[in-house]
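Q: I have a protein model that is new to me. Please show me how to read its main features, one by one.

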Amino acid sequence: MRAREGTVGSNPTPSATFAPLGSGGQSHKLSLLKQILVSKIILVSNRLPIRVKNTKEGFKFAHAAGGLSSGLDSFQKSGNYLWVGWPGAYIISSLEKKARELKKKLISNFNYYPVFQSQKEIENYYGGFCNSTIWPLFHYFSKTATYNKSFWQSYKKVNESFRDAVLENAEAKDTIWVHDYHLMLLPALLREKLPNAKIGFFLHIPFPSFELFRLLPQRVEILKGLLGADVIGFHTYEYARHFLNSVHRLLGLDHSLGQINTGERIVKADAFPLGVDYEKFNNAHKDIKVQTEITKLKRKIGNRKVILSVDRLDYTKGIPQRLEAYSDFLERNPLTHDKVVFILLAAPTRTKVEEYQVIKKQVDELTGRINGKYGNVGWTPIWYLYRTFDFTELAALYSVADVALVTPIRDGMNLIAKEFVATKRDGRGVLILSEMAGAAEELGEALVINPNNKDEIVEALKKGIAMSDEEKISRVRLMQKELAHYTEKWWVKSFLERLEEIRCIQDNLKKKILNKDSRDNLAQNYAKAKKRLLLLDYDGTLVTFAATPEQAKPDKDLLNLLSIMSKDTKNELVIISGRNKETLDEWFGDLPLNLVAEHGAWIKEKNKEWDLVDNISSDWKKEIYPILVRYVDRTPGSFIEEKDFSLAWHYRKVDPGLGMIRCRELSATLNGLTPNFNLQYLEGSKVVEIKSDQINKGRATIGFLGSKKWDFVLALGDDVTDEDIFGQLPGGAYSIKVGLGSSKARFNLKSVRDARALLQNLVI
């Protein structure tokens with residue numbers, strides 16, 4: 001039986017028999033040297049999709065079927081890939097002769113590049129951090145999670161060894177696709193060494209809610225590790241949303257439609273539900289071996305209805321709850337005795353771990369108790385099989401089952417549910433599916449239940465067994481239509497396409513970043529110009545944002561820089577800000593420069609007094625202010641900043657999740673009110689500002705542009721209000737947005753630090 005969280009990293013057991021080296025696989029032999037000379041996909045997972053057996057005759061291999069391996073079948077046939085991973089339970093020192101021999105054979109025959117680990121590393125990394133910390137925590141079993149420093153150290157070390165293996169093989173044009181929770185540090189480790197690499201990451205298990213994820217001591221390191229990728233994939237939008245929320249709350253990074261601006265790159269988090277090989281399962285009935293197995297099963301089962309349960313024996317699968325619900329079903333429906341049989345397939349997994357030994361004992365005892373209580377000489381209510389199963393056996397069981405009972409407590413996707421539906425060629429089957437499985441988002445025609453509610457499971461069993469063929473077929477056909485389209489090959493294709501899309505976005509943004517040549521050209525034009533106009537935004541451009549507006553005072557270095565620039569007789573320096581005039585006066589009043597306050601409402605030319613640009617009314621405040629007061633009352637940490645002709649609601653100190661919700665609510669409220677008062681509202685960095693629509697930085701810019709004939713114009717700004725400046729500048733001006741993202745500006749700089757450095761270089 002194969003793993004069901006997605007094959008990668010979940011201990012897949014191959015269905016193929018072991019074959020001597022050289023039997024098959026020869027059509028896609030490539031030497032490692034030949035592979036790295038062409039652009040390829042480098043797949044990276046904890047385990048290679050193969051089992052290695054060392055015999056007297058030499059190494060023998062068996063491939064894992066399904067999941068990622070099947071989805072990437074086209075790449076494997078073309079040879080245009082390299083798969084990096086641990087070769088499995090066969091532990092060997094990489095320096096030994098056997099290791100060198102195995103490595104050579106895996107590369108030449110299968111394009112597999114092995115990463116060898118010591119016994120201690122496997123115990124602490126795989127058995128420790130991966131499966132004693134991350135696995136239970138990400139599956140919402142927080143009480144089971146173990147936090148051990150040595151586990152974490154091993155996890156880091158193994159991720160570094162995978163990095164080294166990839167670096168040995170990666171070329172500039174290669175695509176690197178990292179898989180699953182075992183390697184969450186790897187994307188950032190690779191990005192550090194290969195800054196321009198194309199890197200994708202896919203998580204095959206759930207990503208937990210922030211309240212659970214925050215329990216992890218290394219939560220920040222994990223997030224930073226994942227953000228080394230260009231695209232981070234999840235099975236469902238729920239998991240992607242949890243990830244984005246954690247990134248926002250722990251790293252302070254916002255997103256727009258799943259695109260995260262890290263300050264260095266745009267990273268996309270998105271959902272890509274893993275599918276199954278629909279045609280393979282839907283046509284399984286044509287296989288002679290499957291037909292033979294079906295005949296055997298029907299002979300043993302007789303006329304009884306079959307309830308099928310297939311899982312690894314893992315505590316996340318809800319098997320004890322499933323058995324208890326079946327016991328209640330038999331108790332409440334005595335007429336079903338001897339007319340149903342529950343076939344429970346439980347594949348051994350992590351048998352040396354205490355939690356798994358406990359669940360094994362619990363399932364054994366429950367099965368024995370139920371069979372002893374309800375069974376008789378001719379009828380065993382539960383057929384309990386504790387072993388792995390190959391495709392032939394599984395396909396036959398799917399075919400004869402009337403009901404599939406799939407009730408995990410938490411599951412990343414669950415392919416069992418999809419395989420069962422795909423196999424029901426005649427449509428006569430009922431799927432009972434846990435709402436906690438990722439597959440529930442796609443298979444809405446299943447009988448979806450809460451796995452912790454035994455009554456719901458009992459009722460679903462009763463309904464499923466009694467359901468008419470017409471209803472069964474109707475439900476199954478709708479689900480099959482979904483599965484036939486969203487196959488595992490579609491999953492691969494959609495992920496790689498999204499990776500290409502985000503790289504195009506990154507490349508377009510990268511082209512606008514002010515590079516060395518552009519900087520040199522700017523500096524040369526600045527040096528030879530005799531009349532220069534410099535338009536500088538303040539917050540987010542010259543200084544980073546602070547918790548409260550008054551904390552963002554200019555530092556000594558900035559004041560010194562502005563003093564030097566403003567005293568240069570060739571310069572006309574303008575600080576054009578959303579700040580009120582009192583604050584700007586306090587900070588910059590002693591410098592020979594121009595000040596623009598409240599986005600252009602007030603202008604103070606050098607050595608003059610403040611002047612109101614228009615006859616602007618602020619009567620609207622009495623209508624809007626009470627609304628903002630209500631939002632302050634409802635949002636702890638927020639506050640109102642009142643200026644002469646604008647109001648600002650700040651929420652930088654608010655819990656990020658609540659702040660985002662309140663911001664959306666306030667914007668929706670203002671959207672219906674502001675047109676009536678000729679106002680506009682602007683969403684800035686943790687602030688919503690309301691002002692007259694007659695006021696904008698563009699109008700102020702026009703005035704300065706027309707005052708002289710300039711031979712050099714530079715404008716720096718970071719947010720939507722500065723777009724009005726950029727829109728008014730002549731073609732030859734240097735308009736620069738501070739931060740990544742689309743803009744009218746000709747160029748981008750990544751940060752405030754870069755903006756300050758640019759100005760500093762001009763005065764050297």
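This is a predicted model: local features need pLDDT of at least 70, side-chain atom pairs count only at pLDDT 80 or more; totals for chains, interfaces and linings use all residues.

The turns below go from the whole protein to its helices, strands and spaces.

Q: How many helices and strands does the protein have?
A: Helices (H or I, at least four residues) and strands (E, at least two) are DSSP runs, numbered from the N terminus. The protein has 27 helices and 30 strands. Its C-alpha atoms fill a box of roughly 105 × 65 × 45 Å along the principal axes.

Q: What percentage of the residues count as buried?
A: Buried means under 20% relative accessible area, with a 1.4 Å probe and protein chains only. Of the 764 residues, 56% are buried.

Q: Which residues of helix α17 are buried?
A: In α17 they are I457, V458, A460, L461, G464 and I465. An arc here is that of the directions from the helix axis to the C-beta atoms. These residues cover only 165° around the axis, so they are on the same side of α17. Helix α9 (residues 219-226) has I222, L223, G225 and L226 buried. Their arc of only 160° puts them on the same side of α9.

Q: What span should α17 have?
A: The expected span of a helix is 1.5 Å times one less than its number of residues. For the 13 residues of α17 (residues 454-466) this should be 18 Å, and the end C-alpha atoms are 18 Å apart, which agrees.

Q: What is the order of the strands in the open sheet of nine strands?
A: Strands of a sheet pair through backbone hydrogen bonds, either parallel or antiparallel. Two strands count as paired if DSSP finds at least two bridges between them. The order is β6-β5-β2-β7-β8-β9-β12-β11-β10, with mixed pairing. β6 (112-114) and β10 stand at the edges with a single partner strand each, so one side of each has no neighbour in the sheet. Within this sheet, β11 pairs with β12 (residues 266-271) in the antiparallel sense over three bridges. Q259 has K268 in β12 as its bridge partner.

Q: How many residues lie between β24 and β25 in their hairpin?
A: There are three residues between them. β24 (residues 639-642) and β25 (residues 646-650) run antiparallel, joined by four bridges. F639 stands opposite H650 in β25.

Q: How do I read a pocket, and how does a cavity compare?
A: On a 1 Å grid over the protein atoms alone, a cavity is a set of points where a 1.4 Å probe fits but cannot get out, and a pocket is an open set with protein on both sides within 12 Å along at least five of seven lines; lining residues have an atom within 4 Å of a point. Grid points are joined across faces, edges and corners, and a volume is the space filled by probe spheres set on the points. The largest pocket holds about 1,500 Å³. Its lining has 39 residues, with D254, N261, F545, S685 and L740 closest to the centre. α24 gives the most to this lining, five residues.

Q: How many cavities of 30 Å³ or more are found?
A: The search finds four. The largest cavity has about 440 Å³ of space. Its lining has 31 residues, and D539, F545, H650, V687 and E689 lie nearest its centre. β26 gives the most to the lining of the largest cavity, with three residues.

Methods
Residues are numbered from 1 along each chain as its sequence is written. Side-chain values use heavy atoms; hydrogens and water are left out. Buried means under 20% relative accessible area, exposed over 50%, partly exposed in between (1.4 Å probe, protein chains only).
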